[in-house]
Amino acid sequence: MRHIISMLLENEPGALSRVVGLFSQRNYNIESLTVAPTDDHTLSRLTITTMGDDRKIEQITKHLNKLVDVVKLVDLTEGAHIERELMLIKVKATGAQRDEIKRTTDIFRGQVVDVTSTIYSIQLVGTSEKLDGFLAAISGTTILEVARTGVSGISRGEKVLSV
Amino acid sequence: MLIRALHDEGVDLIWGYPGGAVLHIYDALFKQDKVEHILVRHEQAATHAADGYARATGKPGVVLVTSGPGATNAITGIATAYMDSIPMIVISGQVDSSLIGSDGFQETDMVGISRPIVKHSFMVQNPQDIPMVVKKAFYIATTGRPGPVVIDIPKDVTDPSRKFKYQYPESVKLRSYSVPGKGHTGQIKKAVEILLAAKRPVIYTGGGVVQGEGSALLTELVTLLGYPVTNTLMGLGAYPASDNQFLGMLGMHGTYEANMSMHCSDVVLGIGVRFDDRVTNSIAKFCPGAKILHVDIDPAAISKTVVADVPIVGSVTSVLEEMLELIKQSDTDVDRAAIDQWWKQIEGWREKDSLKVIPAPDDVIKPQQVIQCLYDITDGDAYVSSDVGQHQMFAAQYYKFDKPRRWINSGGLGTMGFGFPAAMGVQMAFPDAVSVCVTGEGSIQMNIQELATCLQYQLPVKIVCLNNQALGMVKQWQDMQYGGRYSHSTYAESLPDFIKLVEAYGHVGVRIEKLSELKQKMAEAFALKDRLVFIDVLVDPMEHVYPMAIKGGAMKDMYLSKTERT
């Protein structure tokens, strides 16, 4: 099953490599990874999506917790949560397809953020599933470039990940 | 500053090898007399010696190496300590901060290279950070599940012209690092209930009991309950091996009775163990009828391989104390009739005498006889370090350790070349004790240069070399699984004359070739109390280590000899 593990990490050199290294060292899989400092500049928030059964995920969270740089950690998929990913996509937009792409973008609530006479650059935000859906919907067109950020997320309601 | 911080941390001994990036530190060492430094002949030996010191004393071992090759040579020793959870501080020099990343002379990314094999690591950025980093490093290395910590220091950071106000921190607080203390009382209660109701229990303990100083409490628990107890390779000495309730070591080369008891048990109490593959054999077939109670300080060790029915995360001593308390207060008593019946069954297995030594003809020495002789000569009271291979298993099987921290071996990583430097570490810690290295002619050649260190510092280590003229354990597997094709495991024609070799290094060598002279010559060698003696014992080259687990089987599946299996 897919899990989204989000953690607060000391914003120090080498901290990220320890997290990433743990995954390769123990043969765990990283589907996506995002990381950036939080409002507290001594902390980074790092979110990893990974696949595995409950036992594997338990091992992953235990080992992550053992890393001295990991301050706090939550498996977002254990409860209700919001997840978002951002995608920038550059497509060929000429002829009849130009309108079709614009319409599809509107349906998916994306925005055309840059334009030339032959090209659209589109921004889309949503769950990974939605982004996949958009890519499938425009599969008839020529996709020139795709840049996805990976998943970030927070728990719904009162639950907070903080120190 | 660094040396002062080490001294303030209680360090009086470090092992190292100088080089460009650490010259400021070495100059500081020269100008003081509080911290003693031992000059090894290879950085790997420095780590193993510090490791042996740590295992024997419980205090962290400290290593100082230079950048680049100094640091990479230390890697095997760091990995060895990491696998066996040994507290160790490795200080590595680094090129000047301004040169980092430029592929400078003797530059290597030590923090990067060591990352998967350390508990934590630091790169010191400013001279004034040194005291706090040292404090944090020792705190992390020695608390919780211990492990090695690397401190990488660029040369400019130790520049004596950069002055700052030195203050050693009183305490340390890390918001992201907490040490498990007491176990969950509810869980401990549950475990005690199951334990008291057991009809076929086994207490299975490992290195965690030795490291966690839990031996006395374990002995009390085992005595109170009257249950059988077995130790892992790493856990030997945690319970007195000469006691009748001790079943011997378990696992791949464990005794018949220990492995059979585990397999047929209804309750397994695992303390400070990690259900390692060398113990469990096939996980799917492991202890089919047993409830698993697992006590460990590391939450990640629990249910990693074998799922625990009752997991307890906490320090061994606190959990054992609480267990003892609960058992003493409990209204329920042990099911004595069932336990008597269980012991009867175990005694039946014991009668098989799986460690029986069948003497060889023609005065040939069996390796097991050497260990038995060593045990007799040292009154079972020596510190025994070992390398890796057949001799390691023979030592573990035949030297009955009654005290913790006496058996010093690389259990997790299985590092050949570990034993001799580790024995030096022990000897430095306990100058008057008998420090023996049980080795083979293969392993000893992996760190034999330390003979020079032993001469320089007058370390009277006794080296007992079980010389079978081959890489015995490899050869055994080739015998059993590869049709006796000895692919690159023999070298009889090119072995050095060890006696001449050790004499060249200024030590004493003794060769023993016949069983009839074993006892006397061993005694003579051990009588040379203030000399290093290398005892080269020619043993039966065809001998195998038994019992031996049958790959893919359950714990009950063992080869008992070349012709017999369960």
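**Figure 1. Charged side chains and overall build of chain A.** In this predicted model, chain A carries 20 positive and 21 negative side chains. The centres of these two sets lie 2 Å apart. Chain A contains 4 helices and 9 strands. Along the sequence these elements follow the pattern β-α-β-β-α-β-β-α-β-β-α-β-β. The C-alpha trace spans about 55 × 35 × 35 Å along the principal axes of chain A.

**Figure 2. Burial, contacts and surface of chain A.** Chain A has 163 residues, and 42% of them count as buried. Take the contacts in chain A between residues at least 6 apart in sequence: 71% of these join residues at least 24 apart.

**Figure 3. Overall build of chain B.** Chain B has 20 helices and 20 strands. Its radius of gyration is 24 Å, close to the 24 Å that the globule rule gives for 566 residues, so chain B is as compact as a globular protein of that length. The C-alpha atoms of chain B fill a box of roughly 75 × 60 × 40 Å, taken along the principal axes.

Figure 4. Of the 566 residues in chain B, 60% are buried. Among contacts in chain B with a separation of 6 or more, 75% are between residues 24 or more positions apart. The accessible surface of chain B comes to about 21900 Å², and 52% of this belongs to carbon and sulfur atoms. Chain B has 52 positive and 62 negative side chains. The centres of the two sets lie 3 Å apart in chain B.

**Figure 5. Helix α3 of chain B.** Helix α3 of chain B runs over residues 43–57. At 1.5 Å a residue, its 15 residues should span 21 Å, and the end C-alpha atoms are 21 Å apart, so the two values agree. In α3(B), 14 of the 15 residues are buried, so this helix is largely enclosed by the rest of the structure. B:Gly58 follows α3(B), and its phi is positive, near 85°.

**Figure 6. B:Gln44 and its surroundings.** B:Gln44 is part of helix α3 of chain B. Its relative accessibility is 13%, so B:Gln44 counts as buried, the cut-off being under 20%. Neighbours within four places in sequence are left aside here. Beyond those, B:Gln44 is in contact with B:Asn73, B:Thr76, B:Gly77, B:Thr415, B:Met416 and B:Asn447.

**Figure 7. B:Leu374 in helix α14.** B:Leu374 is found in helix α14 of chain B. With a relative accessible area of 0%, B:Leu374 is buried. Leaving aside neighbours within four places in sequence, its contacts are B:Tyr399, B:Val436, B:Val438, B:Val464, B:Met522 and B:Phe526. B:Lys136 is 238 residues from B:Leu374 in sequence, and their C-alpha atoms are 42 Å apart in space.

**Figure 8. Helix α18 of chain B.** Helix α18 of chain B covers residues 472–481. Its buried residues are B:Gly472, B:Met473, B:Lys475, B:Gln476 and B:Gln478. An α-helix has 3.6 residues a turn, so residues three or four places apart point the same way. The cover over the buried residues of α18(B) includes α15 (390–398) and β19 of chain B. B:Gly483 follows α18(B), with a positive phi near 60°.

**Figure 9. A cis peptide bond in chain B.** The peptide bond from B:Tyr546 to B:Pro547 is cis. Its omega is near -5°. B:Pro547 lies in the loop between β18 (533–538) and β19 (548–549) of chain B.

**Figure 10. B:Gln106, with a positive phi.** B:Gln106 is a residue other than glycine, and its phi is positive, near 55°. It sits in the loop between β4 (88–94) and α5 (110–114) of chain B. The relative accessible area of B:Gln106 is 26%, so this residue is partly exposed.

**Figure 11. B:Asp362, with a positive phi.** B:Asp362 is also a residue other than glycine with a positive phi, here near 60°. Its place is the loop between α13 (336–350) and α14 (367–377) of chain B. B:Asp362 has a relative accessible area of 72%, so it is exposed, the cut-off being over 50%.

Terms used:
Residues are numbered from 1 along each chain as its sequence is written. Chains are lettered from A and ligands numbered from 1 in the order in which they are written. This is a predicted model: local features need pLDDT of at least 70, side-chain atom pairs count only at pLDDT 80 or more; totals for chains, interfaces and linings use all residues. Side-chain values use heavy atoms; hydrogens and water are left out. Helices (H or I, at least four residues) and strands (E, at least two) are DSSP runs, numbered from the N terminus. The radius of gyration is taken over C-alpha atoms; the globule rule is 2.2 Å times the number of residues to the power 0.38. Buried means under 20% relative accessible area, exposed over 50%, partly exposed in between (1.4 Å probe, protein chains only). Contact means heavy atoms within 4.5 Å. Accessible areas come from the Shrake-Rupley method with a 1.4 Å probe; for residues, only the protein chains shown count as cover. Lys and Arg count as positive and Asp and Glu as negative; His and the chain ends are not counted. The place of a charge is taken as NZ of Lys, CZ of Arg, CG of Asp or CD of Glu. The expected span of a helix is 1.5 Å times one less than its number of residues.
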